Amino acid sequence: MDAGFFIDEKAVQVENVFLDFFKTFRSDANSRDPYYVAEIEAMEANESSTMFVDFTHVMRFNDILQKSISDEYLRFEPYLRSACKRFVMERKPNFNADDSVNRDVNVAFFNIPLVKRLRELSTGELGRLVSVTGVVTRTSEVRPELLQGTFKCLDCGTVIKYVDQQFKYTEPTACVNAACVNRTKWALLRQESKFADWQRVRMQETSKEIPAGSLPRSLDVILRHEIVEHARAGDTVIFTGTVVVIPDIMALTSPGERAECRREGSSQRKNTSGHEGVKGLKSLGVRDLSYRLAFIANSVQILDGRRDSDIRNKKDAEENESQQFTPEELEEIQRMRNTPDFYKKLVDSIAPTVFGHRDIKQAILLMLLGGVHKFTHEGINLRGDINVCIVGDPSCAKSQFLKYTTNLVPRSVYTSGKSSSAAGLTATVAKEPETGEFCIEAGALMLADNGVCCIDEFDKMDLTDQVAIHEAMEQQTISITKAGIQATLNARTSILAAANPSGGRYDKTKPLKYNVALPPAILSRFDLVYIMIDDPDDQIDYHIAHHIVRVHQKRETALSPAFTTAQLKRYIAFAKTLKPKLAPDARKLLVESYVALRRGDTAPGSRVAYRMTVRQLEALIRLSEAIARSRLETQVQQDHVREAVKLLKTSIISVESGEIDLSSFQGENNDDDGGDDPGQGDVPPSTTATEPASMNMDNNSANADGAATQQKKKLVITEEYFQRVTQALIMHLRQHDEAAMQDGAGLPGMKQRELIQWYIEEQNKRDKYSSSEQLQSELTSLKAIIERLIQLEGYLIVVDGGRQEAVGEGAEQPPVVPRGERILAVAPNYVED
């Protein structure tokens, strides 16, 4: 004890050794100046007052020093700051030239070797220097915090300086003036007190760390000085600092819910004669639960997949993105780019555990790269993020793709549709339990800002919850007007959604809108919609089974992608720093492609999944930019646009063009069709017209066999063509029936020969036939389609097979009537979609 003050001798020794560390430590034996002299220059350049100390340097310098700091950080922290300030003032005497009260030098440690998880923090860590990792879920506003107060005695006017605050407003215990007896009347002198920026952040366990059946734990983290506003909601971060115990205000303000310690008043102590028995059995065995753990951080390190990132330049990361890469990394990226057939290898390196599905892997790669964000002069944001939807049969590895994407992207959120509400996806307004103020708690889309939000079971979401993400998918903002808070929050995220068909399995004969329970407003916001259909195919099934069994048997050794996940992350991170621009010829091709897509959309009989709108044009631009990024080019060329158009076409637009086999109907049609149709002047006779004659010749059996083989030739048409012809024939038959009823002449129905002749003439007017072979193949297809409509679909019925005319002629036996003469009508129970 010296002059009434206690001196912590060990702490003074630690301060001197720490100052010695600053003065003498060199990271490289050949360097001329100590390492932390350059750190002072960096502090001055950034107008910073925080000295960032790499803890691995302290470990290399002195083992006793690192053990002292690590074990008793809270005790030595003021002395460490004092050593740092002495070092800075020795080197730069004018560092604190304005002599500001609030100007102080702070020490921030990073690179602690052992990073703890949230569940591993216990009371054994109190006062120690530890690092903890987690996800930031809520951030408070930045406020001034009183660190050291200067008070004035209201009785005698004495000023008392440097009164440290202890987790609450702390006044001096007594006046230093011996003649004054004041203990309660104080006034705070704000200009002479020391304030610091203060922010409270709520941190939660990452989803991988939560044990089965447990709720995620959360912890309040206090940030001070210059590290405020570094951590945003959704960031995965490493906080370095110390664990402290603070009073739990909630426990004190709600008695009865938890056991708490209460002092009995003096009035109750007097009546000790009559005991009322044992009270407070609920609190039996519990001493005092009115405290909780909090974490005071001195440094924040954001985890973006790069452990060696510079902790100081976090604020400038967006401006100096290209400076994040070392020369070795840039060389490796260029080497990947120069690999032969590198684009195919890039696509195959996405989700290597999933066999096949190259088009979906390509879509995920382009989604990770994204287009270029743009702002108009009016300040309107044009999104660059690409949204992808995967619709598929069960067990098609949809969730595998989503889980892989979540692990690949630093800021990503995985959620399931049925268990997600509108507030959970966007944002919710919550009341701070301690202050009573309203604050915004981030939802999944806000947490995935500048990342990817993967939503599984997208079709199972309630309609009201789906509407909540309309704004986030196109404008990329979330607007909230609740409880006096009017805010527009950023949600610049790509959405990767997976949905099941409403009937369990995808029905190829129906368009997408009948297969998926999603409104057109949401469907048009997806740039790419892919269908995964589980069709049996011996060869593909063999390869899939072989791949899955091999993965189960050999684990990682079964997979040999061209590029590792780390290489892929670096390549994508570098490609996203490029801002490709449209070349003039690419711009022209984009316009022409969009007009062609719109034209195909309005063609009669076309069955596209959704209308071509300007959103699809913007999707083409984004896809072209993403393809240019994948090739590390700074200009969008025509090849990139062609690739984007091809992607959009192979997406949902052409998925309904399934194939229909008409071979069986073709055989029946040709066997029974006795001769060529009378009255068809411009139609060449069918190749099967001479068949009855050839059948009567016994010596020409070989020719008959040849004709039979020709008949058995497979006739396959597209689903779209079948629907178009069906609609045209049924519409004409209905118009003919209506006209016949109005005139009152004739029975409903029309001869098959006349119906075919009408269709051929209509197509001929549009110059559809360039050769007689083309016309002949159309005739064969038409007859087979009509047979299918009668026998299988039931859309048409035969009103009269042509026997009445034959009987009227007086023939004894009804002859074989050509099919062209039978009268067809629309089935009465046919309802058009």
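The side chain of arginine 622 reaches the backbone oxygen of arginine 383 at 3.2 Å. A polar contact is a pair of N or O atoms within 3.5 Å; within protein, one atom must be able to donate a hydrogen and the other to accept it, and residues adjacent in sequence count only if both atoms are side-chain atoms. The model is predicted, with pLDDT of at least 70 needed for local features and 80 or more for side-chain atom pairs, while totals for chains, interfaces and linings use all residues. Residues are numbered from 1 along each chain as its sequence is written, and side-chain values use heavy atoms, without hydrogens and water.

Arginine 622 is placed in helix H21 (residues 614–630). Helices (H or I, at least four residues) and strands (E, at least two) are DSSP runs, numbered from the N terminus. Arginine 622 has 4% relative accessibility and therefore counts as buried (under 20% relative accessible area; exposed is over 50%, partly exposed in between; 1.4 Å probe, protein chains only). Beyond four places in sequence, arginine 622 touches Gly371, Arg383, Gly384, Asp385, Ile386, Asp527 and Arg615. Contact means heavy atoms within 4.5 Å.

Leucine 219 lies in strand E9 (residues 218–224). Leucine 219 is buried, at a relative accessible area of 10%. Its contacts, neighbours within four places in sequence aside, are Leu118, Leu121, Val201, Arg202, Met203, Leu293, Ala294 and Phe295. Glutamine 204 is 15 residues from leucine 219 in sequence, with 6.6 Å between their C-alpha atoms.

Helix H2 (residues 35–45) has Tyr36, Val37, Glu39, Ile40 and Met43 as its buried residues. They lie on the same side of H2, because their arc around the axis is only 155 degrees (taken from the directions from the helix axis to the C-beta atoms). Their cover includes H1, strand E1 (50–54), H3 and H5. Just after H2, glutamate 47 has a positive phi of about 55 degrees.

In helix H4 (residues 63–71), Leu65, Gln66, Ser68, Ile69 and Ser70 are buried. Elements covering them include helix H1 (9–24), helix H3 (55–61), helix H5 (73–91) and strand E2 (106–110). At the start of H4, a side-chain oxygen of asparagine 62 comes to within 2.9 Å of the backbone nitrogen of isoleucine 64.

Helix H27 (residues 752–765) packs against helix H28 (residues 772–793) at about 135 degrees, with axes 11 Å apart. The contact involves Gln752, Leu755, Ile756, Tyr759 and Ile760 of H27, and Leu775, Glu778, Leu779, Leu782, Lys783 and Ile786 of H28.

Conventions. Axes are lines fitted to C-alpha atoms, for helices over the stretch in contact, and angles run from 0 to 180 degrees between N-to-C directions.
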